[in-house]
Amino acid sequence: MSYYEKWLGAGIGWVLTGNPIGGVLGFIAGTMMGKDKNHPEVGKTKGITEFEANLIVLASHLIKVDSKVSLTEISFVNDFLNKHFDEKYSNERSQVLNHCLNKEYDLNTACDQIRMYTDHGTHVQVVHFLFDLALCDGDLSERENYFIFRISGFLNVHDVDFRKMKTVHTEREFSDFEILGVKREDSIIVIRNSYRKLILKYHPDRNQDIDAIAKKKLEQKIQRIHDAYNRIKAARKVS
């Protein structure tokens, strides 16, 4: 979506300015890998900006806010960051996310750094990102909504803007092609392959270690995928 176009620039700008405040990334890397400078992974984590690290801190809190960790949400965060930041550091970001899911970091510190070293437009983008993350499994819970509302306040995003963003995300109707992760101009073969991959990804047999609420969400997601695929087939008059 267009409100994410400048994210890569925000991350690069932050690392180039060398702002020393917070040290969230260094603390995470040090905790994960120890202080041994000869450790082969220590240098690699320097490729992750503090902006990304703070974004991961916020994402990990949101994922845990319902007292469970969703594999769908973890996958969303990793895919999102790989799309908007340097993909060669995907493994490092994944390690940082996994670490944050098992620890607690101060949200005020993360929000302070984002607020101080990025512009208001980026603050709004962060809220959009949190809404996308909360809704990636098909539902926005009360706890998730309240968490995003709190973060909006920390980032000085006005409550009127928060409500507008919530409306955009919760009332937006996704097209059948978006649901299947394909383009309108793609062939039926490409669409069918994407459909089959999604059905396998969300199949109950591959998601057995989740609770009843998460299973219900998966059932709803699979039904939306089925319905979208069937509508596209009907429109193209293929079996």
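## Reading a helical model, step by step

Tutor: The chain has 12 helices and 0 strands. Keep in mind that this is a predicted model.

Student: In what order do the elements run from the N terminus on?

Tutor: They go α-α-α-α-α-α-α-α-α-α-α-α.

Student: What share of the 239 residues in the chain is buried?

Tutor: Buried residues come to 44%. As for contacts, take those with a separation of 6 or more: 75% of them link residues 24 or more positions apart.

Student: Let's talk about helix pairs. How are two packed helices described?

Tutor: You give the angle between their axes and the distance between the axes.

Student: At what angle do H3 and helix H5 cross?

Tutor: H3 and H5 (residues 90-101) cross at roughly 45°, and their axes come within 9 Å. That makes H3 oblique to H5. The crossing of this pair, H3 and H5, is right-handed. On the H3 side the contact uses Glu-52, Ile-56, Val-57, Ser-60, Ile-63 and Lys-64, while H5 brings in Arg-93, Val-96, Leu-97, Cys-100 and Leu-101. Here, in the contact of H3 with H5, the classes are 7 nonpolar, 1 polar and 3 charged residues.

Student: And H4 with H7: is their crossing left-handed or right-handed?

Tutor: H4 passes H7 in a right-handed crossing. Their angle is about 140°, with the axes 9 Å apart, so H4 and H7 are oblique to each other. The residues to look for are Glu-73, Phe-76, Val-77 and Phe-80 of H4, along with Phe-129, Asp-132, Leu-133 and Ala-134 of H7. In this contact of H4 with H7 there are 6 nonpolar, no polar and 2 charged residues.

Student: Now a single residue. Is His-123 buried or exposed?

Tutor: The cut-off for buried is under 20% relative accessible area. His-123 has 5% relative accessibility, so it counts as buried. You'll find His-123 in helix H7 (residues 120-135).

Student: What does His-123 touch, leaving out residues up to four places away in sequence?

Tutor: His-123 touches Ile-114, Arg-115, Thr-118, Leu-155 and Val-157. Look at Arg-115 too: the side chain of His-123 reaches the backbone oxygen of Arg-115 at 3.4 Å.

Student: Where is Asp-66?

Tutor: Asp-66 sits in the loop between H3 and helix H4 (71-84). With a relative accessible area of 18%, Asp-66 is buried, because the cut-off is under 20%.

Student: How far apart are Asp-66 and Ser-141 in sequence and in space?

Tutor: In sequence, Asp-66 and Ser-141 are 75 residues apart; in space, they are 8.0 Å apart, C-alpha to C-alpha. A polar contact of 3.0 Å joins their side chains, Asp-66 to Ser-141.

Student: Which residues does Asp-66 touch, not counting residues up to four places away in sequence?

Tutor: Asp-66 touches Ser-141, Arg-143 and Glu-144.

Conventions. Residues numbered from 1 in each chain as written. Predicted model: local features only at pLDDT ≥ 70, side-chain atom pairs only at ≥ 80, totals over all residues. Heavy atoms only, no water. Helix = DSSP H or I, 4+ residues; strand = E, 2+ residues; numbered from the N terminus. Buried < 20%, exposed > 50% of the residue type's maximum accessible area, 1.4 Å probe, protein only. Polar contact = N/O pair within 3.5 Å; in protein donor to acceptor, adjacent residues only side chain to side chain. Contact = heavy atoms within 4.5 Å. Axes fitted to C-alpha atoms, helices over the stretch in contact; angles between N-to-C directions. Parallel < 35°, antiparallel > 145°, perpendicular 65-115°, else oblique. Left-handed = near helix turned anticlockwise from the far one by under 90°. Nonpolar A, V, L, I, M, F, W, Y, C, P; charged D, E, K, R; others polar.
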